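Thanks for sending this one over.

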Amino acid sequence: MNPNDLKYTMTHEWIRVDGDVATIGITAHAAESLSDLVYLGLPSAGDEMTAGESFGEIESVKAVSDLNSPVNGEVVEANTALEDNLATINSDPYGEGWLVKVKLSGGLPEGLMDVDNYEKLVAENA
Amino acid sequence: MNYVQNTDADRAAMLAAIGADSIDDLMAVIPEDCRFQGELDVEPALTEDALLREMKALADRNVSADDHPSFLGAGSYRHFCPALVDNLVSRTEYWTAYTPYQPEASQGTLTTILEWQSMMCRLTGMEVSNASVYDGATAVVESVLMALRLKPKATSIVVSAGVHPDTRGALNTYMGNLGIRIVEAPLENGATPSGHINEPDAAAVVFQSPNVFGVIEDVESLCQTAHAFEALAIVSADPISLSLLTPPGEVGADIVCGDANPMGNKPWFGGPGVGYMCARMEHVRQMPARIAGETVDADGRRAVVLTFQTREQHIRRAKATSNICTSQQLMALRATIWMSLLGKEGFHELGRTNLSRSHYAAGRIAALPGYELTWPEHSFFKEFTVSTPLPAGKLNKVLLKKHGIIGGYDLGRMDKSLANRWLVAVTDVNTKDEIDALVAALETIR
């Protein structure tokens, strides 16, 4: 059920690259683990993102978690429509539930996973 | 573990466990000429009865505001506290953990927190209150830290010189270690002028009203000044003054904070205080400490929860909003009971009593030869600064020694150039007779 045209991170973000713009979200597994979401803190267009560093936070009834940037670049757009409808992240994590679009500076960092390796990671931690 | 003195048998058992024959044997590693020889020069033990008399004689050397008329304030104030407050906080229902770690088990405690928050919001004109922090100084520091989280690019804060020096001391400690520059806004004629402040790098403008000299600041103008360079306006306020003054939240404050000790608590030995913090809902996720919220349980019944535990230190570790994941629960409970006993009308009436007594005292003192209000152009609530013909420290000494009156605060202790400035607090517990006695005493001091 995880799309095979995406890249994945150890911290359960996904990346879709289209030209020099990457769309980033959290995986279905992450959304399911967080359960009911109550708050999303996203950066604004123009903000810098650095691979490995937090670019926002997502809060569920259980915990507040950092959103970790898998890439270097500049935010082009944040999905502010989610703020009033956080359940979209649970129902459509790879579509309408995207979080930010980033103009990449440099290529994709190393160490990103393809779908098979990501699913292996999830299975190992289950 | 028991707290009874060790018996010979206890000592023998301990010595046996570590393989020493005697206490001297235990001490043998210390060279003999370094060890004290002979008997210690200590009085023989007193009996319990004699000890109580000795301690009482020592305690009686203290000068207490319970035994003398007192006009001392400077941040710590006496107000009437009905005996019912002591009685109610002693009820066993409140003998649970002061800040429950399994909070929802203590619905009664959480309900009192919710009541406290609701009352503080009404009083300050703000949308959200936390469950309290340690004291007024902590509340100001935590408000500034909150502002810095909301303005992560800021490198400084503006602090009015009218903020209590102890509070500024706490701010200096925190900001110095964070590398945040403190820009002091000096006073002009006892008040903070809003016109000159322009600090685009600042996260917040912090001021106190009434300020440390008793002067009521122009809260609205100072808030507008802060907003002009996109800083937050942080107002520290004596909550009792809000019985009559416009709630800061109605004139632009972003965070209202201070010490609620004057409500149902007492100066005691300088504390404990109880810090309060109120903010706007849009900033709630950066608010530190605990916040109680109302919800429904699985059966749809009203229930109270600690709403933001997800952001507290025991869950969020280094990324918590604050290292405070507690509240000053007993003191906040006292304040809550006190407010509910006074009620809305009673609280306003208390405010009017403070205002009329302090203004009566100020008028009478200012009419004395050589005395005048230092800043007559400004309004005050329950405390005012007087220019005195003699150093305030000297006045206080004579007042206490010859007249049994505890005088106002000697501002020379804050700043040597203010030796002839006297900060006089007059509240609802200062009767007209006390005020007249003070004035009569001052007339005799030359």
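1. A word on terms before anything else: domain bounds here come from an automatic or database domain assignment. Please also keep in mind that this is a predicted model.

2. For chain B, that assignment gives two stretches: domain 1 covers 83–337, and domain 2 covers 343–444. Between the C-alpha centres of domain 1 of chain B and domain 2 of chain B there is a distance of 29 Å.

3. Where do the two domains meet, and how many residues take part? Domain 1 of chain B brings 13 residues to the contact, while domain 2 of chain B brings 19 residues. On the side of domain 1 of chain B that touches domain 2 of chain B, you will find eight nonpolar and five polar residues, with no charged ones.

4. Now chain B as a whole. Its secondary structure comprises 12 helices and 13 strands, and its C-alpha trace spans about 80 × 70 × 45 Å along the principal axes.

5. On burial, chain B has 446 residues, and 41% of them count as buried. As for sequence separation, take the contacts in chain B between residues at least 6 apart in sequence: 71% of these join residues at least 24 apart.

6. Finally, the contact between the chains. Chain A supplies four residues and chain B supplies five residues. The side of chain A that touches chain B consists of three nonpolar residues and one charged residue, with no polar ones.

Notes. Residues are numbered from 1 along each chain as its sequence is written. Chains are lettered from A and ligands numbered from 1 in the order in which they are written. This is a predicted model: local features need pLDDT of at least 70, side-chain atom pairs count only at pLDDT 80 or more; totals for chains, interfaces and linings use all residues. Two residues are in contact if their C-beta atoms, placed from the backbone, lie within 7 Å. Ala, Val, Leu, Ile, Met, Phe, Trp, Tyr, Cys and Pro count as nonpolar, Asp, Glu, Lys and Arg as charged, and the others, Gly among them, as polar. Helices (H or I, at least four residues) and strands (E, at least two) are DSSP runs, numbered from the N terminus. A residue is buried if 20 or more other C-beta atoms lie within 10 Å of its own, exposed if 12 or fewer, and partly exposed in between; C-beta atoms are placed from the backbone.
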